[in-house]
Amino acid sequence: MSPERERRPSRPQRGRPAPRKQGPRRPPAPEDPARRVALDVLHAVRERDAYANLVLPDLLRQRRISGRDAALATELTYGASRAQGLLDAVIEACIDRPLSKVDGTVLDCLRLGAYQLLRTRVPEHAAVDAMVNLARADAGSHVAGFVNAVLRKVSEKDEAAWLEELTPDRDSDPIGHLAMRTAHPRWIARAFAEALGDKGTELQAALEADDARPEVHLVARPGEISADELAAITGGDVAPYSPYGVHLPAGAGDPGDSEPVKEKLAAVQDEGSQLCAVALTRVPLEGSDERWLDLCAGPGGKAALLGALAGLSGARVDAVEQAPHRARLVEKATEGLPVTVRVADGRDPGLEPGYDRILVDAPCSGLGALRRRPEARWRRKPSDVSDLTKLQSQLLASAFELLRPGGVLAYVVCSPHLAETEGVVGDAARRAKAEILDAREYFPGVPQLGDGPYVQLWPHRHGTDAMFCAVLRRLE
Ligand SMILES: C[S@@+](CC[C@H](N)C(=O)[O-])C[C@H]1O[C@@H](n2cnc3c(N)ncnc32)[C@H](O)[C@@H]1O
């Protein structure tokens with residue numbers, strides 16, 4: 001064993017990255033464009049809270065990277081982002097201080113290097129040398145020895161052996177065990193376990209499905225094109241549950257390029273979102289059924305579906321959105337439909353009460369759609385949930401004020417976290433004197449919906465995002 005491997009590497013420096021001695025960030029290393037892009041994306045995510053799946057395609061385009069290099073850059077960026085917790089645990093086991101004391105740029109290099117060593121077939125020397133070079137370029141030559149030593153230590157074991165060493169015991173800590181095995185933060189694994197009422201095989205299936213890349217779903221605009229026609233044109237499959245849904249095959253290319261989407265006969269929308277919007281329209285009503293409201297409408301996916309269905313039944317939709325730029329997206333999505341978009345705070349939107357149907361698709365932690373954003377699970381914090389539940393309760397209370405007696409409301413969040421789902425709804429229903437309806441009735445044909453009255457969809461059960469839907473009727 002080399003002396004490097006015997007020594008426990010020490011950290012290169014404390015605190016923030018060393019100022020670069022040669023002015024601004026270096027141009028991409030021409031000999032290793034894939035790793036350079038991956039590193040730059042991790043940097044943007046860490047420093048600017050950027051979204052990897054937005055930054056990466058931009059950088060690939062700007063730098064004209066395609067083919068195998070683009071594929072490698074994508075694999076490294078998304079893989080290292082998803083597996084961050086596991087990679088960090090391994091790196092921490094290879095150094096003699098907390099990870100928080102490692103310079104951010106160096107840490108990005110270590111994460112990318114560890115990912116290559118543990119989860120790809122990149123040869124050890126290629127992975128280590130490449131990351132040492134990048135670390136040297138970005139953080140200075142004094143870090144090269146440290147990065148080299150840490151990565152050599154990481155490479156002494158494969159992923160299975162590291163997991164064996166680092167994973168808590170399944171019997172004494174089942175949630176910690178699965179969290180580490182599936183590279184999820186413990187608090188998210190616990191939230192899933194509480195929502196599922198399971199810490200075993202089903203939790204494992206849920207966490208594994210959360211790691212898989214989601215299929216792309218389209219919604220066929222009601223009255224314009226049927227799901228059958230849309231499936232035939234796009235080469236997709238008619239969705240199993242939504243009457244308007246189509247699942248595109250993997251690798252079908254950019255759905256925005258397909259003719260039906262360009263002509264606004266269809267749009268990209270997860271089947272779970274379609275089901276929740278449609279559920280609201282399925283609830284029987286006595287009396288008028290003309291005024292519908294979408295209280296949190298941006299960017300307009302559900303408003304467009306509701307608008308199309310309203311158009312077919314002679315109703316109109318008011319779509320409220322607080323953020324002006326998102327309200328513009330709603331306008332674009334609902335062009336030509338009987339939808340009026342208003343920029344307002346849904347907690348006090350200044351609208352005339354008396355709505356027949358209201359959708360509250362509330363801002364939420366998004367724990368149900370983590371699979372769409374590789375880094376999202378590591379960015380979210382438990383405190384996000386407590387901040388959001390207050391806003392969710394206020395929006396729901398406002399919606400009840402605007403609903404007519406006998407009118408119906410769907411409360412939807414893309415999260416299975418019990419505080420954001422049952423917690424918010426139970427409180428609001430008590431305060432507003434509302435009846436909680438059995439939402440499962442409005443999801444016909446959808447299996448595994450549990451005991452009700454709420455509907456919680458799951459990627460591993462339904463192939464959808466983990467959307468939650470409660471349906472309530474105002475009593476008086
Ligand atoms: C989950 S998203 C809605 C998704 C949308 N229904 C769709 O299907 O495309 C929640 C939206 O609520 C908006 N929002 C946040 N706070 C709000 C408030 N106080 N009033 C109205 N809208 C708000 C956010 O800007 C965001 O666009």
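Reader: How many helices and strands does the secondary structure of the protein come to?
Author: Helices (H or I, at least four residues) and strands (E, at least two) are DSSP runs, numbered from the N terminus. Here there are 21 helices and 12 strands. This is a predicted model, in which local features need pLDDT of at least 70 and side-chain atom pairs count only at pLDDT 80 or more, while totals for chains, interfaces and linings use all residues. Residues are numbered from 1 along each chain as its sequence is written.

Reader: Which residues have the most contacts inside the largest nonpolar core?
Author: In soluble globular proteins, nonpolar side chains tend to be buried together. A nonpolar core is a set of buried Ala, Val, Leu, Ile, Met, Phe, Trp, Tyr and Cys residues joined through C-beta atoms within 7 Å. A residue is buried if 20 or more other C-beta atoms lie within 10 Å of its own, exposed if 12 or fewer, and partly exposed in between, with C-beta atoms placed from the backbone. The largest core has 147 residues, and those with the most contacts inside it are Met-131, Val-147, Ala-279, Val-360 and Cys-469. Of the 476 residues in the protein, 47% are buried.

Reader: Leaving aside neighbours within four places in sequence, what is Ala-279 in contact with?
Author: Contact requires C-beta atoms, placed from the backbone, within 7 Å. Beyond those neighbours, Ala-279 touches Ala-410, Ala-439, Tyr-442, Phe-443, Cys-469 and Val-471.

Conventions. Two residues are in contact if their C-beta atoms, placed from the backbone, lie within 7 Å.
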